[in-house]
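Reader: I'd like to go through this structure with you. Can we start with the terms and then work through the parts?
Author: Fine.

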Amino acid sequence: MRPLLARISLDALAHNLRVARRHAGSARLWAVVKANGYGHGLARVVRALGQADGFALLTLDEAANLRQMGVEQPILLLEGFFDAGEIAPCYELRLSPVLHRVEQLAMLERARRDGPLDIYLKFNSGMNRLGFPLADLSELVDRARLLAGGGRLTLMTHFATADEALGVDWQLEPFLAQARASGLPLSLANSAALLRRPDSLGDWARPGIMLYGASPFADVSAASLGLRPAMTLVSEIIAVQDLAPGAGVGYGLAWRAPQRTRVGVVACGYADGYPRHAPNGTPVLVDGQRCGLVGRVSMDMLAVDLSGLSAAGVGSAVTLWGEGLPVEDVATAAGTISYELLCALAPRVPVAEI
Ligand SMILES: *Cc1c(COP(=O)(O)O)cnc(C)c1O
């Protein structure tokens with residue numbers, strides 16, 4: 001069998017939720033499980049995070065899956081319904097849609113449904129992606145109250161720079177200035193704000209990446225935040241080549257050996273979700289030791305420099321990221337973020353729950 005495997009630790013997921021809980025104080029937690037649970041498998045993640053107060057995701061299909069699994073907690077549709085046909089299922093499946101544009105309000109008004117619907121009204125406090133203008137808040141609250149039909153109304157915004165030096169104040173202050181007077185529950189914090197700004201929690205925080213054991217910050221490790229990686233992508237060396245000085249490896253011979261070099265070929269490529277744009281030197285663990293990627297990543301394979309690892313050979317254990325090699329380190333080397341690597345895990349990679 002091909003040795004590539006994603007080990008997913010249900011314990012680590014549950015542990016990371018407890019870390020989030022400690023930071024959240026009395027705020028409740030939406031566990032964000034969009035994008036197939038950040039690549040970890042939706043059903044698996046929801047099982048492991050059973051203690052969450054609710055689950056936040058993107059599509060009606062995902063929500064219906066959770067209800068079919070017997071999930072009883074509230075489910076937040078992060079972008080709400082995309083067309084009027086999705087309104088009836090919101091009632092039937094007891095989903096909480098985010099409303100972020102006037103067309104959604106109009107669709108809901110036209111649908112004229114009876115009964116309660118928990119509604120999230122999303123405001124644009126500066127990210128300029130989704131949300132109503134803050135200036136319209138009180139008028140929209142009146143309109144949405146009628147539509148909620150006795151269901152709960154919550155006000156929401158999303159931070160653009162919670163993980164960066166710019167922080168959240170520039171969004172938090174104007175949002176609170178408008179939202180506080182309504183007396184309605186608030187939902188603001190992603191992982192970065194949850195970890196760094198307890199004053200931004202509101203009533204419902206929305207942690208995502210931290211639950212999977214990765215740090216949202218470029219300059220703070222997940223381990224120092226007490227988080228444990230949920231996904232460890234492991235494989236093995238399936239071939240070794242002795243390169244003479246000047247010999248290249250892989251397509252385009254994009255890396256050439258400066259001196260005589262042993263190169264290990266690892267069963268993992270871009271079709272498995274490993275980033276093709278990872279440059280020479282991107283860290284890879286072989287037999288528990290860090291070495292560097294060399295040459296271009298192929299569809300099914302990549303190569304590593306085994307200099308200094310004289311005992312390594314065919315069958316040596318390789319970790320692409322996870323336990324022992326933070327996914328953030330690989331992401332940084334490859335010029336991307338942990339989120340993208342985790343989400344990109346390919347369906348062809350077998351998963352072992354541990
Ligand atoms: C994805 C998402 C989150 C979670 O963000 P993390 O950085 O993964 O914690 C929170 N809120 C919204 C609206 C999101 O889309």
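Author: A term to begin with: a salt bridge here is a side-chain nitrogen of Lys or Arg within 4 Å of a carboxyl oxygen of Asp or Glu. The model is predicted.

Reader: How many salt bridges does the structure hold?
Author: There are 12 salt bridges in the structure. One of them pairs R143 with E109, with 2.7 Å between the closest N and O atoms. That pair links distant parts of the chain, 34 residues apart: R143 sits in helix 7 (residues 137-148) and E109 in helix 6 (residues 102-111).

Reader: OK, domains. How is the chain divided?
Author: Into domain 1, covering 10-214, and domain 2, covering 231-353. Taken over C-alpha atoms, the centres of domain 1 and domain 2 are 37 Å apart. Domain 1 gives 10 residues to the contact, and domain 2 gives 10 residues.

Reader: What area do domain 1 and domain 2 bury between them?
Author: About 860 Å², with 63% of it on carbon and sulfur atoms.

Reader: Which residues in domain 1 lose the most area to domain 2?
Author: Y38, R44 and I209, which together account for 44% of what the domain 1 side buries.

Reader: And how many salt bridges between domain 1 and domain 2?
Author: Two salt bridges are counted between domain 1 and domain 2. R44 forms a salt bridge with E353, where the closest N and O atoms are 2.7 Å apart.

Reader: Which elements give two or more residues to the side of domain 1 that touches domain 2?
Author: Helix 2 (34-38) and helix 3 (42-48). The residues on that side of domain 1 divide into six nonpolar, two polar and two charged.

Reader: Switching to the ligand. How many residues surround the ligand, and which are the closest?
Author: 13 residues surround the ligand, and the closest are K34, Y38, S191, I209 and Y339.

How values were computed. Residues numbered from 1 in each chain as written. Predicted model: local features only at pLDDT ≥ 70, side-chain atom pairs only at ≥ 80, totals over all residues. Heavy atoms only, no water. Domains from an automatic or database assignment. Contact = heavy atoms within 4.5 Å. Buried area = accessible area lost by both parts, 1.4 Å probe. Helix = DSSP H or I, 4+ residues; strand = E, 2+ residues; numbered from the N terminus. Nonpolar A, V, L, I, M, F, W, Y, C, P; charged D, E, K, R; others polar. Near = heavy atom within 4 Å.
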